[in-house]
Amino acid sequence: MIAMMLAMLDNMIIGTAMPTIVGELGGLEHLSWVVTSYTLATAASTPIWGKLGDLYGRKGVFLSSIVLFLIGSVLSGMAQDMGQLIAFRAVQGLGAGGLMVGVMAIIGDLIPPRERGKYQGMMAAVMALAMIGGPLVGGTITDHWGWRWTFYINLPLGAVALIAISVVLHLPKKRSDARIDYLGAALLTVGITAIVLVTTWGGTEYAWTSAVITELIGIGVAALVGFVFWQTRAAEPILPLHIFRSRNFTLMSAIGFIVGFVMFGATLFLPLYQQSVQGASATNSGLLLLPMLGAMLVTSMVAGRVTTRTGRYKVFPVAGGVLLVGGLYLLSLMDTETSRLTSGVYMAVVGLGMGCLMQITMLVAQNSVEMKDMGVASSSSTLFRTLGSSFGVAIMGALFNHRVQEVMAERAGALGSRMTEQSAQLDAASLAKLPEAAREAYQHAVSSGTHGAFLLGAAVAVPVLIAALFVKEVPLKGAGPKAQDAPAAPTQVSEAV
């Protein structure tokens with residue numbers, strides 16, 4: 001649970017500190033890459049960490065991922081420019097990939113599936129502390145200690161996790177004959193990287209019809225096609241394709257991708273809007289996210305408990321799709337005159353939608369495969385959500401930057417063009433020092449940028465509702481008193497792993 005906190009807390013803390021970070025290091029056009037490099041490295045490394053755990057034992061591999069994450073945290077805190085920060089965030093992301101998959105695999109080792117529900121409250125508490133406390137902690141640290149401490153704060157948590165795991169965590173020693181699918185991992189990494197570069201650079205760094213973008217598209221498509229082909233031939237495929245024969249698993253993977261897309265985009269651009277347009281401090285912008293995060297947490301816990309008790313779940317992804325589309329559309333209506341109360345209500349609607357989807361996607365995905373594929377289903381669901389967040393930040397970030405530059409040029413002319421390079425880092429105090437015309441132009445530019453980003457998010461979220469309507473409500477394995485009271489098979493734990 002401590003390691004899970006470490007992984008979840010990081011992005012929540014960094015989100016509220018981002019405007020201040022780019023304020024010191026500069027480079028608005030690279031803002032989205034601070035998050036994209038982290039999520040991309042996490043996505044690429046997640047399958048490898050899982051296979052390493054199978055081959056060499058989970059405890060040592062898990063400890064190694066924590067150490068790598070802490071090294072990345074220290075280096076990120078020491079970064080002197082945006083390029084260094086992006087590179088060190090990638091190192092941090094490589095470690096983070098092992099944190100979540102390690103947590104899931106270790107829980108599978110220690111706890112029989114039929115008893116795992118007892119620990120959902122503990123995991124929900126960690127989620128609550130990270131998602132609600134993270135923005136507040138990030139804002140407070142940024143305001144009083146400086147943004148570098150948003151990375152250094154990982155060190156004491158990581159030290160506690162390392163000591164506790166080294167001393168008190170005892171896992172069964174077993175070794176698998178499985179081989180790491182290095183070729184599959186390489187093809188997947190190349191494909192993902194190429195496609196994300198296309199979404200990040202297209203229309204900003206390079207024209208959509210430029211040779212660079214065209215080549216990246218070709219490389220990405222070729223790598224992903226090669227990956228799919230190789231997965232049908234590999235002895236131990238990194239992502240077995242037979243699990244996608246289940247309609248529900250495929251639908252949940254798509255929904256998880258979209259939820260990641262819109263959730264991380266929202267947590268990146270909402271604090272920027274609140275600080276730049278509504279005049280909130282870094283601390284207050286963290287607190288102002290509470291309507292979304294609180295609604296998401298409460299709804300997620302309620303949905304999980306109702307589903308466990310009744311065995312019925314289709315209503316939640318359908319309701320979640322409606323709320324997500326509606327909430328994101330409402331966020332797109334925000335302008336320079338929107339009050340904090342109004343934006344809080346809009347955020348709560350988005351939070352309700354995500355809460356209906358967060359736990360259910362993993363639950364239905366796991367219920368859609370055989371027990372021997374439980375670990376693969378869990379890691380695949382995590383991978384798709386991570387990929388969604390990477391694409392979301394990159395695409396929404398590219399659209400946001402384009403709109404800010406366009407509106408600044410329209411409203412402030414040459415001055416606006418000069419300000420665009422540093423616009424994202426202007427907090428309430430810095431804005432107050434600007435001439436009134438420049439300040440108003442900047443606020444309109446950020447408002448226009450967030451409008452475009454959230455309108456895109458609403459459009460992307462429509463397939464969630466469509467996919468949810470096609471979900472087949474298959475009875476949950478272990479649902480109901482009789483199933484829960486039945487004795488567990490001797491191989492249940494090992495099969496889950």
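G320 is buried, its relative accessible area being 0% (buried means under 20% relative accessible area, exposed over 50%, and partly exposed in between, with a 1.4 Å probe and protein chains only). This glycine sits in helix α13, residues 315–332; helices here are DSSP runs of H or I with at least four residues, strands are runs of E with at least two, and both are numbered from the N terminus. G320 and M354 are 34 residues apart along the chain, with 6.3 Å between their C-alpha atoms.

A word on the model itself: it is predicted, with local features needing pLDDT of at least 70 and side-chain atom pairs counting only at pLDDT 80 or more, while totals for chains, interfaces and linings use all residues. Residues are numbered from 1 along each chain as its sequence is written, and side-chain values use heavy atoms, with hydrogens and water left out.

## How α12 meets α14

Two packed helices are described by the angle between their axes and the distance between the axes. For helix α12 (residues 290–310) and helix α14 (residues 340–367), the angle is about 35° and the axes are 7 Å apart. Axes are lines fitted to C-alpha atoms, for helices over the stretch in contact, and angles run from 0 to 180 degrees between N-to-C directions.

Ala, Val, Leu, Ile, Met, Phe, Trp, Tyr, Cys and Pro count as nonpolar, Asp, Glu, Lys and Arg as charged, and the others, Gly among them, as polar.

Q366 also belongs to α14, and with a relative accessible area of 21% it is partly exposed. Q366 and M252 are 114 residues apart in sequence, and their C-alpha atoms are 9.8 Å apart in space.

Helix α10 covers residues 247–276, which makes 30 residues. From first C-alpha to last it reaches 44 Å, close to the 44 Å expected at 1.5 Å a residue; the expected span is 1.5 Å times one less than the number of residues. Because 26 of its 30 residues are buried, α10 is largely enclosed by the rest of the structure.

## The largest cavity

Rolling a probe the size of a water molecule over the atoms shows where empty space is left. A cavity is a set of points, on a 1 Å grid over the protein atoms alone, where a 1.4 Å probe fits but cannot get out; lining residues have an atom within 4 Å of a point. Three cavities of 30 Å³ or more are counted, and the largest has a volume of about 90 Å³. Grid points are joined across faces, edges and corners, and a volume is the space filled by probe spheres set on the points.

Helices α2 (31–56), α3 (58–77) and α4 (82–110) each supply at least two lining residues to the largest cavity, and α4 gives the most, with five. Among the lining residues are W49, F62 and I106. By class, the lining has six nonpolar, five polar and one charged residues. R58 is also part of this lining; it lies in α3 and is buried at 12% relative accessibility.

Notes:
1 Å grid on protein atoms, 1.4 Å probe; cavity = no way out; pocket = protein on both sides within 12 Å on 5 of 7 lines; lining within 4 Å.
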